[in-house]
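User: Can you walk me through this one? I'd like the sheet, the ring contacts and the cores.
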Amino acid sequence: MNLYKRKSKIIPAFKWDGFRNTLIKNVGDMELKAFSTNENRNLTVHSPFGSHTCAVGDYVVKNGILDYAVFKSDDFTNNYVLVDKDFS
């Protein structure tokens, strides 16, 4: 997972490209149950606050254990800048 910075806050996030390998690379095995995909390669993120659809090109942000949020690409790139690529 990459690290991004918004003002003084650094967050783990990844850009959804529609491929399950991207999900496996960026999310721990135990957290995979928080996600599902459909035939359009959209990702559904199941969080304690409800489910959110992530289209190809959107970003997934990790807030906590099994707690993820979805940001549209424009919103994300206007507010965050990459600080560390492939941080694990």
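User: Ground rules before we start?

Analyst: This is a predicted model, where local features need pLDDT of at least 70, side-chain atom pairs count only at pLDDT 80 or more, and totals for chains, interfaces and linings use all residues. Residues are numbered from 1 along each chain as its sequence is written, and side-chain values use heavy atoms, with hydrogens and water left out.

User: OK. What is the strand order in the open sheet?

Analyst: The open sheet has 5 strands in the order S7-S6-S2-S1-S8, with antiparallel pairing. Strands are DSSP runs of E, at least two residues long, and helices are runs of H or I, at least four; both are numbered from the N terminus. Two strands pair if DSSP finds at least two bridges between them.

User: Which strands stand at the edges?

Analyst: Strand S7 (67-71) and strand S8 (81-84). Each has a single partner strand, so one side of each is left without a neighbour in the sheet.

User: How many degrees does the twist average?

Analyst: The twist averages 45 degrees from one strand to the next. Axes are lines fitted to C-alpha atoms, for helices over the stretch in contact, and angles run from 0 to 180 degrees between N-to-C directions.

User: How many bridges join S1 to S2?

Analyst: 5 bridges, with the two strands antiparallel. Tyr4 stands opposite Ile11 in S2, and Lys5 has Ile10 as its bridge partner there.

User: What about S2 and S6?

Analyst: 3 bridges join S2 (residues 9-15) to S6 (residues 59-64), also antiparallel. Ala13 stands opposite Val61. Lys15 has Tyr59 as its bridge partner.

User: Switching to rings. How many aromatic pairs does the structure hold?

Analyst: It holds 7. Rings of Phe, Tyr and Trp (its six-membered ring) pair if their centres lie within 6.5 Å; planes under 30 degrees apart are stacked, over 60 edge-to-face, and the rest tilted. Tyr4 and Tyr59 make an edge-to-face pair, 5.9 Å centre to centre with 80 degrees between the planes.

User: Which parts does that pair tie together?

Analyst: Tyr4 lies in strand S1 (residues 2-6) and Tyr59 in strand S6, so the pair ties together parts 55 residues apart in sequence. Both residues are buried. Buried is under 20% relative accessible area, exposed is over 50%, and partly exposed is in between (1.4 Å probe, protein chains only).

User: Now the cores. What's in the largest nonpolar core?

Analyst: It has 13 residues, and those with the most contacts inside it are Phe14, Leu23, Val27, Phe35, Leu43 and Val60. A nonpolar core is a set of buried Ala, Val, Leu, Ile, Met, Phe, Trp, Tyr and Cys residues joined through side-chain atoms within 4.5 Å. Another core, of 7 residues, lies apart from it and includes Ile11, Ala13, Tyr59 and Val61.

User: What is Phe35 in contact with?

Analyst: Leaving aside neighbours within four places in sequence, Phe35 contacts Leu23, Val27, Leu43, Thr44, Val45, His46, Val60 and Tyr68. Contact means heavy atoms within 4.5 Å.

User: His46 is on that list. Is it buried or partly exposed?

Analyst: His46 is partly exposed, with a relative accessible area of 31%. His46 lies in strand S4. Beyond four places in sequence, His46 touches Lys33, Ala34, Phe35, Ser36, Ser51 and Leu66.

User: Last one. Where is Arg41?

Analyst: Arg41 is in the loop between strand S3 (35-37) and strand S4 (43-47). Arg41 has a positive phi of about 70 degrees although it is not a glycine. At 37% relative accessibility, Arg41 counts as partly exposed.

User: Which ring does the charged end of Arg41 sit over?

Analyst: That of Phe19, 4.8 Å from the ring centre. The cut-offs: NZ of Lys or CZ of Arg within 6 Å of the ring centre and within 35 degrees of the ring normal.
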